[in-house]
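Trainee: I would like to learn how to read a structure feature by feature. Could you walk me through one?

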Amino acid sequence: DWSSDVCSSDLGETAYAQLRLEEPAAVRRGDRFIIRFYSPIITVGGGRIIDTLPARHKRNRPEILAGMEVLSKGAISEIIYAKACERRFVRQKELAAELGLLAYEMEEASAAGMADGSLTVFPDGTVVSDTKFAMMKDTVWGLINDYHAGNPLADGMPRQELLSRLKSSWFTDDDKLVQAVLKYLLSEGFVEDRGKSIAVSGFSIEYTDEQLALKKKIAEIYARAGIEMVKNNEIYGLSEDARTVRAVLEDLESEGTIYKVNPSYYIEKTAWNKAVEAAASFEGRFTLAEYRDRLGTTRKYAAEFLPAMDKAHITVFDGETRRFIR
């Protein structure tokens with residue numbers, strides 16, 4: 001446990017110092033302390049605690065000393081701002097306890113900082129300074145832009161990949177914090193939610209003429225197939241560039257042109273709707289064979305549709321029959 005404090009020695013000198021204790025101690029900002037040797041018991045100095053949870057600082061760094069001045073002599077608003085600039089993330093409740101503030105004092109100080117733009121408070125209560133938030137936004141922007149550059153046919157960076165990269169960049173393992181920041185940026189329009197992915201605002205896929213022709217061809221294949229699905233490996237056989245085919249399929253799905261039934265099959269969206277309507281047409285429970293006949297397809301395709309509907313919570317399966325629930 002570290003505490004940061006202003007020490008004065010028996011020689012009358014003063015300096016900022018960090019003390020590492022052998023055992024945890026219950027202290028709060030502003031508490032007085034003295035330091036003594038074990039043997040002989042001699043008082044060698046004392047001071048006032050200004051930070052109960054500081055980072056481990058290097059010596060004689062001007063910016064660190066300036067921060068110590070703020071913690072020692074600054075107004076509470078200046079101290080909160082200084083803490084909100086640190087690399088570690090802290091929530092309002094934790095910061096109030098650390099600084100010995102009542103809840104309303106913390107809320108008033110946070111509100112004032114938000115009003116003048118010096119502080120941002122995320123939905124989970126995390127407080128960051130304007131300079132720290134600017135760097136965080138730069139990180140988000142850079143990661144997504146780099147992804148766009150490397151994957152020009154993807155509509156955005158996969159959400160989970162972005163969250164993982166942000167945790168690493170911000171030196172945190174707090175999932176709730178990273179999700180709260182992303183939610184805030186989405187609400188501000190800084191980035192856009194594309195379903196399973198996140199894109200920078202205004203981003204759009206730009207196809208080459210060759211890629212556009214491939215996209216049109218794939219869409220036409222699904223349109224002709226209807227409820228008789230085309231297996232993915234047949235689609236991938238249309239081009240030597242598997243990465244482009246995958247991006248086209250994902251784009252067609254995002255547009256609502258096709259629907260992903262399972263890892264092996266996509267289907268035209270209107271055909272999928274027809275398959276769902278067939279399930280919805282039953283008054284009560286129905287079997288696979290009954291569904292096959294109602295849809296007018298083969299058992300092969302019916303056996304692909306129904307488990308997909310179970311997974312999507314459109315139907316429920318009891319081991320023998322199904323029931324439409326949505």
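Trainee: Is Glu86 buried or exposed?

Mentor: This is a predicted model, so keep in mind that every value is computed from it. Glu86 counts as buried because its relative accessibility is 18%, and the cut-off for buried is under 20%. Arg88, with a relative accessible area of 31%, is partly exposed.

Trainee: Which residue meets Glu86 in a salt bridge?

Mentor: The general idea comes first: side chains of opposite charge can pair when their charged atoms come close. Here the side chain of Glu86 meets that of Arg88, at 3.1 Å from N to O. Lys83 joins these two in a network of salt bridges.

Trainee: How many salt bridges does the structure hold?

Mentor: There are 12. One of the others is formed by Arg91 and Asp174, whose closest N and O atoms are 2.7 Å apart. This pair links distant parts of the chain, 83 residues apart: Arg91 sits in strand E5 and Asp174 in the loop between H6 and H7. Arg91 counts as partly exposed at 23% relative accessibility, and Asp174 counts as partly exposed at 21%.

Trainee: What does Asp251 form a salt bridge with?

Mentor: Its partner is Lys215, with 3.0 Å between the closest N and O atoms.

Trainee: Which residues in H6 meet H7?

Mentor: From H6 come Arg159, Leu162, Leu163, Leu166 and Lys167; on the H7 side they meet Asp175, Val178, Gln179, Leu182 and Leu186. Sorted by class, this contact has 6 nonpolar, 1 polar and 3 charged residues.

Trainee: Let's go back to E5. In what order do the strands of its sheet lie?

Mentor: Strands of a sheet pair through backbone hydrogen bonds, either parallel or antiparallel. In this open sheet of 3 strands the order is E5-E7-E6, with antiparallel pairing. Strands E5 (90-91) and E6 (119-121) are the edges, each pairing on one side only. E6 pairs with strand E7 (residues 126-129) over 3 bridges, and Val121 stands opposite Val127 in E7.

Trainee: And which way do the side chains of strand E10 point?

Mentor: In a regular strand the side chains alternate between the two faces of the sheet. In E10 (residues 197-200), Ser197 and Ala199 point one way, Ile198 and Val200 the other way, and all are buried.

Trainee: Which strands do bridges join to E10?

Mentor: Strand E8 (residues 157-158) is joined to E10 by 2 bridges, running antiparallel, and Pro158 has Ser197 as its bridge partner. Strand E9 (residues 191-193) is also antiparallel to E10, with 3 bridges; there, Asp193 stands opposite Ile198. E9 and E10 form a hairpin with 3 residues between them, and Gly195 in the turn has a positive phi of about 90 degrees.

Technical notes: Residues numbered from 1 in each chain as written. Predicted model: local features only at pLDDT ≥ 70, side-chain atom pairs only at ≥ 80, totals over all residues. Heavy atoms only, no water. Pairing = 2+ DSSP bridges. Helix = DSSP H or I, 4+ residues; strand = E, 2+ residues; numbered from the N terminus. Contact = heavy atoms within 4.5 Å. Nonpolar A, V, L, I, M, F, W, Y, C, P; charged D, E, K, R; others polar. Salt bridge = Lys/Arg side-chain N within 4 Å of Asp/Glu carboxyl O. Buried < 20%, exposed > 50% of the residue type's maximum accessible area, 1.4 Å probe, protein only.
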